[in-house]
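Dear colleague,

Please find the structure below.

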Amino acid sequence: MKTVLTIAGSDPSGGAGLQSDLRTFAAFGTRGLSAVTAVTAQNSSAVKSVMAVPGRLLREQIETLLEEFTIDAAKTGMIGSLENLSVIKRLMKAGRLRNLVVDTVLRSTGGKPLLDKAGAKELASLLPYAVVATPNLIEAAALTGIKITGIKGMEKAAKALFSMGAANVLVKGGHLKGEPADLLYDGKEVTLFKGSRIKGPKAAFHGTGCVLSAAIAACLAKGFSVKKSVKEAKRFLEEEFKSRVRA
Ligand code: PLP
């Protein structure tokens, strides 16, 4: 069985964060491991408090897992602090982890910072270690300084993020008006993944980005190409949210 690691924050309500990632890994038939970057107090409508774990503890969690497991792919979600960001970069630089999906989480939907100010300034320095980076429109704009109002802007931002070091960039267009589309750039080709908007209560869409990036990591661990991984992850996300809306 392939093994996937999530390096992410805890969401006690389970809709986002590492709890949601572990469920996603299991749904893809992979073994899930987790290293906690931060503890939060939240439910599906608001993040109330956030506390990052010390960098040393994050490093020990990952190193202890590496003593026992061969990790086929990993993802980062909420990183919490600059200290944690540095730990992840050091492990990547040393070649300890591979197939890294970087979900460039900066804030919750409600606006709570999920990475401290110093970390947010340096988040771009993780891009050279990403096989796939998955920014939403707000994150893509923050990382590149490009104003994004449509597909043209998404493409420009994806190309800028590629030139900042990410091997593949998936800019998620969920915040666009009208039918959503995600844009993948692999350095050569632009692929547009069109979707249809699923209607439902806001709480049902909590953690959308977490599920997508976890699903991509699980597919990469299984040896799928990046394009196939994104396609499968999007198909899974759609089913997941249809079932959340029905629930
Ligand atoms: N909590 C944790 C631990 C997360 O990792 C994330 C997103 O990455 C969120 C909350 C934010 O979820 P939402 O975007 O639905 O507010």
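Helices (H or I, at least four residues) and strands (E, at least two) are DSSP runs, numbered from the N terminus. This is a predicted model, in which local features need pLDDT of at least 70, side-chain atom pairs count only at pLDDT 80 or more, and totals for chains, interfaces and linings use all residues. Residues are numbered from 1 along each chain as its sequence is written, and side-chain values use heavy atoms, with hydrogens and water left out.

Thr3 belongs to strand 1 (residues 3-10). With a relative accessibility of 5%, Thr3 is buried (under 20% relative accessible area; exposed is over 50%, partly exposed in between; 1.4 Å probe, protein chains only).

A salt bridge places a side-chain nitrogen of Lys or Arg within 4 Å of a carboxyl oxygen of Asp or Glu. The structure holds 12 of them. One joins Lys75 to Asp21, with the closest N and O atoms 3.1 Å apart. Lys75 is in strand 4 (residues 73-76) and Asp21 in helix 1 (residues 17-27), so this pair ties together parts that are 54 residues apart in sequence. Lys75 is buried at 0%, and Asp21 is buried at 0%.

Another salt bridge links Arg23 and Glu240 (3.9 Å, N to O). Arg23 lies in helix 1 and Glu240 in helix 8 (residues 226-246), so parts 217 residues apart in sequence are tied together. Arg23 is partly exposed at 43%, whereas Glu240 is buried at 15%.

Yours sincerely
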